[in-house]
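Here's a friendly walk through a protein model, for anyone opening it for the first time. Have the sequence and the 3D view ready as you read.

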Amino acid sequence: MGRLIRDFNWEDTSLGAPAGWSQSLLTTLSIMLNSRFPMFLFWGPDLIQFYNDAYRPSLGSNGKHPKALGQRAEECWPEIWPVIKPVIDQVLETGQPSWSENELIPIFRNNCLEDAFWTYSYSRVFDEPGKFGGVLSICTETTEAVQSHKNIQNAKNELEFAVEAADLGTWDFNPVTFKFIGNDRLREWFGITGDEEIGLDVALAATIEEDRERMAAAVAKALEKGSDGNYNIIYTIQDQEGNRRIVEATGRAKFDAEGKAYQFSGILQDVTEKQQLQMRKDEFISVASHELKTPITSLSASVQILQRLVKTESSSEKMATFVTKANNNLSKLTYLLDDLLNVTKIQQGQLALNINRFDLVELIKDCCEHINPLQDYDFVFMGDETLMVYADYRRIDQVMVNLIGNAIKYSPRKKRIEITVIHDDETATVSVRDFGIGINSQKLPHLFDRYYRVDAFGHQFSGLGLGLYISAEIINRHNGKIGVESEVGNGSTFWFSIPLDDPSIA
Ligand code: ADP
């Protein structure tokens, strides 16, 4: 802009040649041209214009620049003259600067009238006594900032609409004050009037007594230093009239560099109907499996007798083959039924443990032999060669049958399975590694849920999605831990650890 000003033919303007310009104008121009802040100067009674390089982009690529230089303001800005003229006049008259923030002043640039937002101030520049002086505008275009703000507002409105449409409660918990704010729906569910912050104690009071401790513990765990911040819990709330609602809360805490939680927010969903449906399904499965148990038990007994008979009495070879087939299928049926009965037991809190002392490594080796009668899988044992534990033999066997069974089932092509048993002073850890299909990392958190199957609608692998759920319950009952690491295409490692001897689990 300095060069353009020097090259401009000023004699054709009311300002005349630069040699006659006042010191005040020269100083103001020098300040302007050396500044990276957008500035615009109207000088003399004709309000002849100057601007700096920083202002230049606001004039667009196909519009007022470079014509605006040396032009009379009124000629340059017909579209906004009614807005800015009174402001300029007032500044000139009173000497009081003006201030406007994020004001919409559409200007003609890029071949069209564009909406543009500005934050600007006009201030008077005095000249030598008796001379008119001018008005300096220091401004910045805020169109982008205003648009971003609008976009955020739109996104917020859309989110609010989605929350509304999905019938969700939302909450934002302050980990410092232990108070939270919630949307109207959440307040209604918790029976809260007014819109002040809600204390955690109020939320706990609205939670039914049986769920209170679990809910408080889940909040504490999500906020704990070093936790992943995830919060997911189903609990029941009750309003003053005694109406109950089952809700599922999902949220996440965020932590600062020191590991202290500074934000914890999420949603609340009414899952009453879903839970009732689940309860009815469970009830049906419970009744159906109990009803099936008696005929299947007597069928098993009959088939076993038949098996003995075909060995001792003369009968056709075909008979023996079919009786064996019937027996094998009956065993599969019994396994499935056992899984269903186990689920019922777990839900009714009746999964009792029968603790005895046994060699964990021996149990695992026996289990592998039974599960792999054709010897077509190659089991590799690592770690301890013997390890005595106090646990429920049958239940731990059930876990091993499930983990090894899955390792076989989900590795149809890779026949190597590595089983490692290690221990420290207090715990035994068993891991089962296969080199099969592996599991998508997004699915991992759900693997131990009831009826969960990664490929729920595929028919490649049969199953009910109960084995891992039951295994996790058995390990939990032993005060142990269970987990998995896996990568699609590279196999999975399922592991569990149990106390070597925990008298509290008897
Ligand atoms: P299922 O009867 O379906 O095998 P489980 O509860 O034992 O039920 O396992 C749940 C799901 O976890 C399975 O459907 C399968 O998708 C996945 N899974 C379990 N073990 C493995 C494994 N070793 N490799 C790959 N996927 C596995």
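## Before you start

This is a predicted model, so local features need pLDDT of at least 70 and side-chain atom pairs count only at pLDDT 80 or more, while totals for chains, interfaces and linings use all residues. Residues are numbered from 1 along each chain as its sequence is written, and side-chain values use heavy atoms, with hydrogens and water left out.

The structure has two cavities of 30 Å³ or more. On a 1 Å grid over the protein atoms alone, a cavity is a set of points where a 1.4 Å probe fits but cannot get out; lining residues have an atom within 4 Å of a point. Grid points are joined across faces, edges and corners, and the volume is the space filled by probe spheres set on them.

The largest cavity comes to about 170 Å³. Its lining has 13 residues, with Tyr 55, Ile 80, Trp 118, Tyr 122 and Ser 137 nearest the centre. β6 gives the largest share of that lining, three residues. Here, strands (E, at least two residues) and helices (H or I, at least four) are DSSP runs numbered from the N terminus. By class, the lining is twelve nonpolar, one polar and no charged residues. Ala, Val, Leu, Ile, Met, Phe, Trp, Tyr, Cys and Pro count as nonpolar, Asp, Glu, Lys and Arg as charged, and the others, Gly among them, as polar.

The second largest cavity holds about 130 Å³. Trp 171, Phe 180, Met 215, Tyr 231 and Tyr 235 lie nearest its centre, out of 14 lining residues. That lining splits into 14 nonpolar, no polar and no charged.

## An open pocket

A pocket is an open set of grid points with protein on both sides within 12 Å along at least five of seven lines.

## Nonpolar cores

A nonpolar core is a set of buried Ala, Val, Leu, Ile, Met, Phe, Trp, Tyr and Cys residues joined through side-chain atoms within 4.5 Å. Buried means under 20% relative accessible area, exposed over 50%, and partly exposed in between (1.4 Å probe, protein chains only).

The largest core has 47 residues, and Met 400 is one of those touching the most other members. Helix α12 (residues 393-409) gives the largest share, seven residues. Beyond its neighbours within four places in sequence, Met 400 has contacts (heavy atoms within 4.5 Å) including Leu 363, Val 430 and Phe 496.

## A six-stranded sheet

Six strands make an open, antiparallel sheet in the order β10-β9-β8-β13-β12-β11. Strands pair if DSSP finds at least two bridges between them. The edges are β10 (198-199) and β11, each pairing on one side only. β11 and β12 are joined by nine bridges.

Most residues other than glycine have a negative phi, and most peptide bonds are trans. His 65 and Pro 66 are joined by a cis bond, with omega about 0 degrees. Leu 47 has a positive phi, near 50 degrees, and at 7% relative accessibility Leu 47 counts as buried. Asn 479 also has a positive phi, near 60 degrees, but Asn 479 is partly exposed at 45%.
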